[in-house]
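Let's take a walk through this structure, one feature at a time. Have the sequence and the 3D view open as you read.

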Amino acid sequence: MFDVQHWLVALPPIAVYLLVGGVIGVESMGVPLPGEIVLVSSALLAATGVVEPEWVATAAATGAIIGDSIGYAVGRRGGRPLLARLGRRFPRHLGPAQLARAEQSFARYGVWAVFFGRFVALLRILAGPLAGALHVPYRRFLVANAAGGLVWAFGTTYLLFTVGRAAEHWLKDISWAGLALAVLAGLASTWWLRRRAHRVESADDGSGLAVAKVAQPAAVAPGGQSAATAPHDGPVRAGNEH
């Protein structure tokens, strides 16, 4: 992340805003890109006065909303075959296991998966295409998408901006400490959100296994009765009778 930040410092502010919106927009279409890292690095730059926080947040929210909407349209047109192709192209991020967890989240939380998915790396990539493939009504999707994008973009930017400015005010003699504190705050919030997401995924996986065990059919014995309930006419003899 520090390498990204050092690279962003060399760019003019307008290029930073365009980069933030572009990376987050393409990520929201379903392509795995480090959108969160770019946003956090840009918010830390805003804390040092290199860029303006309101424009960083606006660029991030715009990229998120437009990117998700394009991903929705592509997913609605391409359907599940598109998701399968994405899984083959990016097996580590969008493989069958990841797609199954995302579908479980949609089945469990409905359109709220789009809102909260903005805070989870997997759903942040898959929310738009998956909602389109599942034919979620676009108006409901747009409301959840816009709300999640605005809260995520402005919340993340101003959280890191505020922490960084406060640290810089109280620790003027060691300015690096303000940056370190802001980074720790961002990492802590990300860790907490990912931990909650993993708990949800574990619960979904456990419920899926339980349903699979209950739904497993019993072996059928000759005559149409299950092996567990079929009557025995006598002792079972090993070998062939002559």
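The patch is made by Val26, Met29, Leu33, Ile66, Ile70 and Val74, and it covers about 420 Å² of the surface. Keep in mind that you are looking at a predicted model.

One of the patch members is Met29. You'll find Met29 in the loop between α2 (13-28) and α3 (35-47). Is Met29 buried, exposed or partly exposed? It counts as partly exposed, because its relative accessibility is 33%.

## The overall build

Now zoom out. The chain has 10 helices and zero strands, so if you read along the sequence the pattern is simply α-α-α-α-α-α-α-α-α-α. Of the 242 residues in the chain, 40% are buried. The chain exposes about 14000 Å², and carbon and sulfur atoms supply 66% of that area.

The pLDDT averages 75 over the chain, and 67% of the residues score at least 70. Which elements have the lowest and the highest mean pLDDT? Helix α10 (residues 175-215) has the lowest, at 58, while α2 has the highest, at 94.

Over residues 208-242 the pLDDT is below 50. Beyond near neighbours in sequence, that stretch has 12 contacts in the model. Where pLDDT is low, the predicted coordinates should not be read in detail.

## Three salt bridges

Side chains of opposite charge can pair when their charged atoms come close. How many salt bridges are there here? The count comes to three.

Glu27 forms a salt bridge with Arg124, with the closest N and O atoms 3.5 Å apart. This pair links distant parts of the chain, since Glu27 sits in helix α2 and Arg124 in helix α8 (residues 121-133), 97 residues apart. Glu36 also forms a salt bridge with Arg124, and here the closest N and O atoms are 3.7 Å apart. Glu36 is in helix α3 and Arg124 in helix α8, 88 residues apart, so this pair links distant parts of the chain too.

Why does Glu27 count as buried? Its relative accessible area is 3%, and buried means under 20%. Arg124 is buried as well, with a relative accessible area of 3%, and Glu36 is also buried.

## Arg118 and its partner

In the remaining bridge, the side chains of Asp68 and Arg118 meet, at 2.7 Å from N to O. Asp68 lies in helix α4 and Arg118 in the loop between α7 (112-117) and α8, so the pair ties together parts that are 50 residues apart in sequence. Asp68 counts as buried because its relative accessibility is 2%, and Arg118 is buried with a relative accessible area of 2%.

What else does Arg118 touch? Not counting residues up to four places away in sequence, Arg118 touches Ile24, Ser28, Ala64, Asp68, Arg124, Gly148, Gly149 and Trp152.

## The loop between α8 and α9

Last stop: the loop between α8 and α9 (138-170), where Val136 is found. Val136 is buried, with a relative accessible area of 13%. Leaving aside neighbours within four places in sequence, Val136 is in contact with Tyr72, Arg76, Phe106, Ala131 and Phe141. Along the chain, Val136 and Tyr72 are 64 residues apart, and their C-alpha atoms are separated by 9.1 Å.

His135 lies in this loop too, between α8 and α9. Most residues other than glycine have a negative phi. Phi of His135, however, is near 60°, a positive value. Is His135 buried or partly exposed? His135 is partly exposed, with a relative accessible area of 49%.

Definitions and conventions. Residues are numbered from 1 along each chain as its sequence is written. This is a predicted model: local features need pLDDT of at least 70, side-chain atom pairs count only at pLDDT 80 or more; totals for chains, interfaces and linings use all residues. Side-chain values use heavy atoms; hydrogens and water are left out. Patches are made of residues with over 30% relative accessible area and no salt bridge: like charges are joined within 9 Å, nonpolar side chains (Val, Leu, Ile, Met, Phe, Trp, Tyr) within 5 Å. Accessible areas come from the Shrake-Rupley method with a 1.4 Å probe; for residues, only the protein chains shown count as cover. A salt bridge is a side-chain nitrogen of Lys or Arg within 4 Å of a carboxyl oxygen of Asp or Glu. Helices (H or I, at least four residues) and strands (E, at least two) are DSSP runs, numbered from the N terminus. Buried means under 20% relative accessible area, exposed over 50%, partly exposed in between (1.4 Å probe, protein chains only). pLDDT is the predictor's confidence in each residue, from 0 to 100. Contact means heavy atoms within 4.5 Å.
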